[in-house]
Amino acid sequence: MKLTKTSQTDNSVRWRLLLASATMLFVELALIRWAGANVVHLSYFSNFILLGSFLGVGLGFLIPAARGQWLKRWAPVPLALLVVLVRQYPVQVRQSSSQIIYFTSVNTTGFPEWVTLPAIFLLTAVIMMVIGKITADFFRRLPPLDAYRYDLLGSLTGSVSFALLSWLRAPSVVWGVLAAAALLILGERRNILRYGIPLTAMVFALFSETTTAGTSWSPYYKIQLFDGSISVNGIPHQLIMPLPTLLQENSLYRQAYDQTPANPHKRVLVIGAGNGNDVAVALANGAERVDAVEIDPRLQQIGAQLHPAKPYDDPRVHVHINDGRAFLERTHTKYDLVVLALPDSLTLVSGASNLRLESYLFTRQAFEAARDHLAPNGAFVMYNYYRTSWLIDRFAGTLEDIYGHAPCMTPFGTNAVVLMAGMTPADQSCKQTWQPSGAVPAAASDDHPFPYLFRRDIPTLYLGVLGAILLVTVSSVRLAGVRLRNTVRYTDMFLLGAAFMLLETKNVINFALYFGTTWLVNALVFIGVLLAVLAGVEVRRRLPRVKQPLLQLLLFGSLAVAWLAPADAVLSLPFAARLAAAVALAFAPIFFANLIFSDRLALAPDPTSAFGANLLGALTGGALEYLALVTGYQALLLVAALLYLGACVAMRFVGRTATPVRDDALAHEDEGLSSK
């Protein structure tokens, strides 16, 4: 009977661990989406919430079992505090115009960034620390690989749940209700009132946001609609305009047609179709077919419902909800005109990289792909509200290199510029030809897709913020009562975490290039990473012994193959072959790395602390990702390889025991539970 009750207790712990882990990842993803939608400063710091989450969860796992129990009693308070504060003091752009792009200096509401960013980082760390503490206490009560297995299953559950909500375009109050329900279950009956009050405040704050007139959510943005003006993530983004206004003589929308008088304009591709302004102009200029590519389904839906010209109702228009670069790679159609229509995402591919939704549209390879889809007398047009002359020079200089002649440049006011390049000089009729204003910056590339970065360096602001995060991390570890001497023996786990984070980032980047920067691709990559990790755990659980030298050889061999495989070669493959190659290149190193990690975790004297050290290593890996601003993304594989090499060396010097040691207090607690 006692054995049966022990088995029941273990099953209860497993399911609670799964729920805690799912809640942990769900809250992390929700904070990344929601905070980024309400605080414009987070557009500049892509993985800010992610780093805070890793710090918090790492601390939660490193805090000894006997300490920090009071944290669990007040777990929802910091989450409610963050939501209420951001709702009361959101950071949004004050201007009502749509002439805002990411790198410019703008006037914002709310507190300045030096107040807002530290507050969000610290609150995020505290939120994830208390949820991490709840998870860690369940983690300790199971054998290491069993605990790790259910932790991964929980992470998969949280990731799939949030992906499903993104697909359904669920508003923020739904996220809040699900997180609140999970926390109430984890808090148990004795904390029902203590949890209920702050969680109710959080849900009410999100309910007030959801019921605000004109507010909706897409898989990418929080969208607010005001009398035809569309604001996304607190930044004015698009303006629905009537056709007569679009066709006025001084309209930038006309330039693509006015400056290509010999072009028939029969087949037109619009990338960044948005609410339909460019589509309406193409139809008015006699287009017989318009392929309208828009990555955000909600923005296209708003245009279909509200645009006075009803361009999306026209049978000549074919809508493609897809990434523009991915569409170029898949279509074989030739166009008379390709229009890159103000594709400013104002958001990021994910919280795990510096990549923006439109980054791969502004690389040299993307411009070449657009050229390859032009008819013999076709033309390529791009326009935007540029804030610096060097950015115009970068894009115009790239077009000149590709087409062999200077493009037309038509300025509008102080910010807007239209750049247009015909297949030959005879295919463009310029009022003004581009002349460089100074030294022309190098073109952005698929390996270094940072068009808004003037030169290859890490901005001083980023270095300062990353330094502050490091300082906070060291201080937090000390304040949490973690004994650093006890964690030194897990140096290898720390390095494994840092390397794994770089591998995950590289995979997000690669899949965004190969298949598009859509939310679905991003979600599938994270789910694929978790499945590869889970596969490693399942294999390790079934192996009586693991030969570390063989695993290390397979790991470094798979990293070498990923390093040597050129992205252009993978991109040129048919879809099925490209998918197979991308999966093999991405997930083979992760699988072998996690076999090494799982073996180390299974033999760790204190697996919970080992896991905490691994999470803090992931934080370091997230900071190292900024090296890509200098080196490009391919070089991150070399950094990851060096970190793995350091971990393999460290394993030879740290102590390993054949049997993991469980916490005595928790062992007694298990005995007490099993006897009840």
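Is Arg 140 buried or exposed, going by its relative accessibility? At 8% relative accessibility, Arg 140 counts as buried, where buried stands for under 20% relative accessible area, exposed for over 50%, and partly exposed for what lies in between, with a 1.4 Å probe and protein chains only.

Before I go on, a word on the basis of all this. This is a predicted model, in which local features need pLDDT of at least 70 and side-chain atom pairs count only at pLDDT 80 or more, while totals for chains, interfaces and linings use all residues. Residues are numbered from 1 along each chain as its sequence is written, and side-chain values use heavy atoms, with hydrogens and water left out.

Let me stay with the charged residues. Side chains of opposite charge can pair when their charged atoms come close. A search of the whole structure finds 21 salt bridges, each being a side-chain nitrogen of Lys or Arg within 4 Å of a carboxyl oxygen of Asp or Glu. In one of them Arg 140 pairs with Asp 137, with 3.2 Å between the closest N and O atoms, and Asp 137 is itself buried, at a relative accessible area of 7%.

A second pair is Glu 538 with Arg 149, whose closest N and O atoms are 2.8 Å apart. Glu 538 belongs to helix H19 (residues 519–541) and Arg 149 to helix H6 (residues 144–167), so this pair ties together parts that are 389 residues apart in sequence; helices here are DSSP runs of H or I with at least four residues, strands are runs of E with at least two, and both are numbered from the N terminus. Of the two partners, Glu 538 counts as buried at 16% relative accessibility, whereas Arg 149, at 22%, counts as partly exposed.

Asp 291 is buried, at 1% relative accessibility, and Arg 289 is partly exposed, at 25%. Returning to the residue I opened with, salt bridges that share partners join Arg 140, Asp 137, Lys 133 and Lys 72 into one network.

Now to the sheet. What is the order of the strands in the open sheet of 7 strands? The order is S7-S6-S5-S8-S9-S11-S10, and the pairing is mixed, two strands being paired if DSSP finds at least two bridges between them. Strand S7 (317–321) and strand S10 (408–412) stand at the edges with a single partner strand each, so one side of each is left without a neighbour in the sheet. From one strand to the next, the twist averages 15 degrees.

Strand S6 (residues 289–294) runs parallel to S7 and is joined to it by 5 bridges, and within this part of the sheet Glu 294 stands opposite Ile 321 in S7. Helix H11 (residues 277–284) packs on the sheet, touching strand S5 (267–271), S6, S7, strand S8 (335–341) and strand S9 (374–385), and its direction makes about 175 degrees with that of S6. For such angles, axes are lines fitted to C-alpha atoms, for helices over the stretch in contact, and the angles run from 0 to 180 degrees between N-to-C directions; contact means heavy atoms within 4.5 Å. Helix H15 (residues 389–403) also packs on the sheet, where it touches S9, S10 and strand S11 (416–422), with a direction at about 5 degrees to that of S11.

The angle about the S-S bond is -75 degrees, and the link is left-handed. Cys 408 sits in strand S10 and Cys 430 in the loop between S11 and helix H16 (460–479), 22 residues apart. Cys 408 counts as buried, at 1% relative accessibility, while Cys 430 is partly exposed, at 29%.

Finally, Ser 558, which has its place in helix H20 (residues 548–564), counts as buried at 10% relative accessibility. Leaving aside its neighbours within four places in sequence, Ser 558 is in contact with Ala 588, Pro 589 and Phe 592.

Methods:
A disulfide is a pair of cysteine sulfur atoms within 2.5 Å.
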